Each structure stands twice: as C-alpha cells, then as structure tokens.
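Subject: Structure handover and notes

Hello,

Here is the structure for your files. My notes on it follow below.

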Amino acid sequence: MLNVVTGKLDREGGMMFTTPAVDPLPIADAIGWGGSFDTFRSRVGGLPEFAGELPTAALAEEIETPGEGQVRALLVHAGNPVLSAPNGSRLERALPGLELLVCFDMYVTETSRHADYILPPGGQLETADYDVILNLVTVRNVAHFSEPLFDIADGGRHDWQALVGLTTRLLARSESRRARAAGRAYGMVYDRLGATGLLDLMLRTGPYGHAAAAASLLDRALGRFGPARAAWELLARVVGRSPLARYAAPPASPMPPTIPRGGLTLDVLKAHPHGFDIGPLQPRLPGRLFTPDKRIALVHDIYVADLERLRAVPPADGLVLIGRRHLRSNNSWMHNSRRLVKGPSRCTLMIHPDDADARGLEDGAIAVVASRAGELSIPVEVTDTLMPGVVSIPHGWGHHREGTAWSTAEDHAGVSVNDITDDRFIDRLSGTSALNGVPVEVRAGGQPAAAREVAIAAE
C-alpha cells in the first residue's frame, strides 16, 4: 500500500496533522478499500490498476476493442471526459459505440450530448456541503458544514440519492446473497438517515463525538427494533465491523476544550456557519500510517526497479506541451458562467519569444499545434514567463462541438488541449497519462478551431 501523508512541520521538525472530525479513510480501510496497485491490468493495453481503478488512457480502447470484458456501458459522474481525457477526440468517437451511456450533468456537454440518459443533479446552492479533502491541508483543525441556500427544484434529485438508487439496484442483481442483503440494508439505512443524517452519525462516532449521542441518533432514526435497525446490524455484519466505528483515528486525549460536553454534532456545526475551530494540529504518526512497518517508503522498491527504464528515455527534442489552469477556469463547467469567462480570452498558446521568433509567430497570431494524436489551431500569447522549449495550453476548453447546450461556453469555445494530448504518451510505471511534456510541433497558419467544422460533427 502507498501512503499519502499531508501535514506541516512544527518548530522541532515533527509532522503535525489534522485529526478530522469525519475521516473516510478508516471506513474505507475497514471495508477493504485500503488501497492497491497493479493487482490486475487493463484488458487491451495492459495498464496497471491503482486503488481498484484503471487509467482513463485505457478507456477508449476498452470501448473500441471487441471481446470478453469489453466496456459496453459507462456512467459519468462529475466529469466531462471528452475534454479532460487524453486524446479526447478518440474517446468522443468511441462513445456512440456504447450500449448505454448515463451522465450526471446540469448541462448538455461535449460528453453528455452522447448520453442515453442525463441525470440533472442539484445545483451548488441547492446542496449541503461538508469539507473533507481541503481539511487535509489546513493550518488548524477545523470542521465546516454549509446549509443549502435553496430547496432542490421540484422533481430534482441529489447526486447521493441517484447513486444510492443505482447502487442498491445493481447489488440486487448480484449473484451473491451477501451482496444482495448488503444492498437492501444500504438502501434502507440511507432512506432513513439521508446524507446529512449519516454525516451527523459520522461526527458523533468520530474522535470528537460521544457514543451516547451516536446511539441516540440511531435510535431516533432507525428505532431500537424493526426492519431498519435490523438492516443496520446486517450492514455491520457484512462489513465485518460497525461501518462507523472508531478505527484509525483514536479519540483525542484530552478532548479539545472547544468541543462541547455533548460532543461534536451536526447541530454544533450548523451553529457555526463560518466553521468550527477544533484546535491546533496534533502529532498523528506513526498511528496514521498503514504500512506494516509503520514507516513512510520515501524510495519505494517499485520506483527503484523502474530507474533503468527511466534513464534510457531519450530527452525531448523540440517543443513540449504543458497544461495550465486559470483561477476562473479550473474546469469546463465554469466556462458557462458569463462572470467567469468575461474579459480577454485565456485559451491561448503561451510560447517563449525565442520560440515564437523562430516560427514567425507574433502575439495574437494563429498557430497550429500538432502531436501524434492530432492538431489544433489556437491564438498565440508570447510571454517570457515560460522557458524556451515549452509551450502551454489551458485545460477544459473546446466548446465548439455541435449538439451541446451551454450557450455562454459556446460563445467562448476555445480549443481542447486534450485533442492533442497523446493517449499513448503515458507514465509506464503507473499507466497514468502524462499530461505534461507531450512532444509537439508548432507552426504558423491555420484558422481557430472554433471557426471551422469539427470532423466528429461532420461524421
């Protein structure tokens, strides 16, 4: 298992960490999702899995290639892979070959326009939010919950509701009696508690909660007896322990003085809408490490074994392409907000003056950028903020495909850098796409891609 450890150094050089009020990692480890690498490989390209997942670089070929295990259905949640996957044009050509494509999306995007079903989620202001990931990099231990500002529209469903429904239906078709029973229990518990109820239970069973408060919530939500309580107990037996038991994050000792006598609950967080300050970061090692020897493998054996191959890789000859993300355009959906895309275009090819002069390019001119995967035309931005030999195109643009339905993004189409990101240019050790350092050629001429018909649309 590989460790991912975040924290900061104290004055003595020790590592200080958040002890999160809600920690999904111990729960994942308790049900066998503690992490894995290269336990199996993709069917076509032989790329290794990581944490049970295969690299996106394998997706198009897995859809295209017939045979046992061919991908015939795809569920896309929180993504727009036509614009974010390597060689997005190839993936776009592969999508119509699926028997079923389901997308969670509030827009008809470059990906969801191919979908058989689009499941519209609640908007950001209709959805409750609890910070988990960003708490790993805070300078103090905090907990923050945001109430939705508006009720979800009539007939709407939150992501979690649709995902729970899909999960229970899939488990109900399993050949395993244990999986079918777990699916029934999972659905019933979620139906009684809901997402915020489960969050409240996780807070009460976490390092700053109290067992009595957790038991009280369970009794109110599920009852002491009856089918809902029996479902919870069944789920606990299937998992092998209580799904929300204290596991890898032992109770703080002593309890931080900021924690009320009844422990941390959702009601406490609601009373502190700007965030609840639990206290300073605390030492968490070696207890937080899941390696057998309780040490961090700074130089892992799998890295050492790969060094000879890496040394044999020839240096790049010519220009290499890197990506970038702007503050107001981190992902493609942000381009449909007029407030975020106003001002000068940010979908430009950044290039060093020396490289621009050598190719007869001036600021604002149109350049053609080509790789093994394809080529695109894009306006030039000459800048000395890049080193010679490196060019940059931002992530998430390319809204010129026909059949989409987000007008603001279409008015600021730009081009998709992943149309020329090579799906064969991968990190051989992990199998993950190498999104930076892609060898490209740049030349003057051509028309902006947004002004010409795209081949996929013409087909």
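In which loop is Pro-286 found? The model is predicted, and in it Pro-286 lies in the loop between strand 11 (276-279) and helix 10 (301-311). Its relative accessible area is 46%, so Pro-286 counts as partly exposed. The C-alpha atoms of Pro-286 and Ile-296 are 9.2 Å apart in space, and the two residues are 10 apart in sequence.

Overall composition

The protein chain has 14 helices and 17 strands. Of its 459 residues, 41% are buried. Taking contacts with a separation of 6 or more, 66% are between residues 24 or more positions apart.

Helix packing

Two helix pairs are described here, and helix 6 takes part in both. Two packed helices are described by the angle between their axes and the distance between the axes.

For helix 5 (residues 159-172) and helix 6, the angle is about 160° and the axes are 8 Å apart. An angle over 145 degrees counts as roughly antiparallel, so helix 5 and helix 6 are roughly antiparallel to each other. Their crossing is left-handed. On the helix 5 side, the contact involves Trp-160, Val-164, Thr-167, Thr-168, Leu-171 and Ala-172. On the helix 6 side, these meet Ala-179, Arg-180, Gly-183, Tyr-186, Gly-187, Tyr-190, Gly-194 and Ala-195. Sorted by class, the contact of helix 5 with helix 6 has 8 nonpolar, 5 polar and 1 charged residues.

Helix 6 (residues 177-204) also packs with helix 7 (residues 211-222), at an angle of about 165° and with the axes 9 Å apart. Helix 6 and helix 7 are therefore roughly antiparallel as well, and the crossing of this pair is left-handed. Helix 6 contributes Arg-192, Leu-193, Gly-197, Asp-200, Leu-201 and Arg-204 to the contact. From helix 7 come Ala-211, Ala-213, Ala-214, Leu-217, Leu-218, Arg-220, Ala-221 and Leu-222. The classes in the contact of helix 6 with helix 7 are 9 nonpolar, 1 polar and 4 charged residues.

The barrel

Six strands form a closed barrel; the order is 12-16-13-15-14-17 and the pairing is mixed. On average, neighbouring strands of this sheet are turned by 45° against each other, direction ignored.

Strand 17 pairs with strand 12 and with strand 14. Strand 12 (residues 319-324) and strand 17 (residues 438-444) are antiparallel and share 3 bridges. Across from strand 17, Ala-370 stands opposite Glu-441, and Val-368 stands opposite Arg-443. As a general point, the side chains of a regular strand alternate between the two faces of the sheet.

A separate entry is an open sheet of 3 strands, with the order 5-6-7 and parallel pairing. Strand 5 (73-76) and strand 7 (117-119) are the edge strands, each pairing on one side only. From one strand to the next, the twist averages 10°. Strand 6 (residues 100-104) pairs with strand 7 in the parallel sense over 3 bridges. In this sheet, Phe-104 stands opposite Leu-119 of strand 7.

A histidine in a loop

Is His-352 buried or exposed? His-352 has 12% relative accessibility, and the cut-off for buried is under 20%, so His-352 counts as buried. It is found in the loop between strand 13 (349-351) and helix 12 (353-358). Which residues is His-352 in contact with, leaving aside its neighbours within four places in sequence? They are Val-382, Thr-383, Asp-384, Leu-386, Met-387, Pro-388 and Val-390.

Regards

Key:
Residues are numbered from 1 along each chain as its sequence is written. This is a predicted model: local features need pLDDT of at least 70, side-chain atom pairs count only at pLDDT 80 or more; totals for chains, interfaces and linings use all residues. Side-chain values use heavy atoms; hydrogens and water are left out. Axes are lines fitted to C-alpha atoms, for helices over the stretch in contact, and angles run from 0 to 180 degrees between N-to-C directions. Helices (H or I, at least four residues) and strands (E, at least two) are DSSP runs, numbered from the N terminus. Angles under 35 degrees count as roughly parallel, over 145 as roughly antiparallel, 65 to 115 as roughly perpendicular and the rest as oblique. A crossing is left-handed if the near helix is turned anticlockwise from the far one by less than a right angle, and right-handed if clockwise. Contact means heavy atoms within 4.5 Å. Ala, Val, Leu, Ile, Met, Phe, Trp, Tyr, Cys and Pro count as nonpolar, Asp, Glu, Lys and Arg as charged, and the others, Gly among them, as polar. Two strands pair if DSSP finds at least two bridges between them. Buried means under 20% relative accessible area, exposed over 50%, partly exposed in between (1.4 Å probe, protein chains only).
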